[in-house]
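Good morning, and thank you for joining.

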Amino acid sequence: VQTDNIEAGQKACAYIADKLNGEGKVVIMNGPPVSAVVDRVNGCKEAFGEHPGIEILSDSQNGKGSREGGLEVMIGLLTANPELDGVFTINDPQAIGADLAAKQLGRTDLFITSVDGAPDIENALKSETLIEASSAQDPYRMAQMAVEVGYQIMQGEQPEQDTILIPADLITRENVEQYKG
């Protein structure tokens, strides 16, 4: 039982593409090479692929899934790419680090999306940051579903699927007040 990480990446990057009206220069801040990260990046690339006017300037820099990694990688990305419109990070800590880097470099001409829906990102969406959206995971629903599947197995029933994917909801500045976290 896990988040549909492909969908999570698609939603975060569709937000970028829509906001840019299908044209702009973007980067994908990658992360550790684990299945969830690979799926998020693949979903993001699918969303960008629907817009030929979106140019991906970088997709290989590993922000290590951390605030510090996001800060370090973003400084390099902004230095190498003075014209940058949007940034997708594979998780919220990297997004917060990327936002800090942009502020340090005096950049306000871009925006950031990510995946998680963590409490830190809720606060970021309610304050003056460049972070505009995060595809939120639902740990409560995942736990509930896992208990249900576990109970079925204990009753001798096999689950219908080996993997159960839980949809991600995109939280933005516009709907963060309704987000239950």
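I shall speak about the salt bridges, and then about a pocket.

This is a predicted model, in which local features need pLDDT of at least 70 and side-chain atom pairs count only at pLDDT 80 or more, while totals for chains, interfaces and linings use all residues. Residues are numbered from 1 along each chain as its sequence is written, and side-chain values use heavy atoms, with hydrogens and water left out.

Side chains of opposite charge can pair when their charged atoms come close. A salt bridge here is a side-chain nitrogen of Lys or Arg within 4 Å of a carboxyl oxygen of Asp or Glu; the count by this rule is eight. One of them joins glutamate 55 to lysine 25, at 3.2 Å from N to O. This pair links distant parts of the chain, 30 residues apart: glutamate 55 lies in strand β3 (residues 53-58) and lysine 25 in strand β2 (residues 23-29). Strands are DSSP runs of E, at least two residues long, and helices are runs of H or I of at least four, both numbered from the N terminus.

Next, aspartate 99 meets lysine 103 at 3.3 Å, N to O. The two are separated by about one helical turn, because they stand four residues apart in helix α4 (residues 92-104). Aspartate 99 is buried at 4% relative accessible area, whereas lysine 103, at 44%, is partly exposed. Buried means under 20%, exposed over 50%, and partly exposed in between, with a 1.4 Å probe and protein chains only.

Finally, where is the pocket lining? Among the residues lining the largest pocket are Met145, Gln152 and Ile164. A pocket is an open set of points on a 1 Å grid over the protein atoms alone, where a 1.4 Å probe fits, with protein on both sides within 12 Å along at least five of seven lines; lining residues have an atom within 4 Å of a point.
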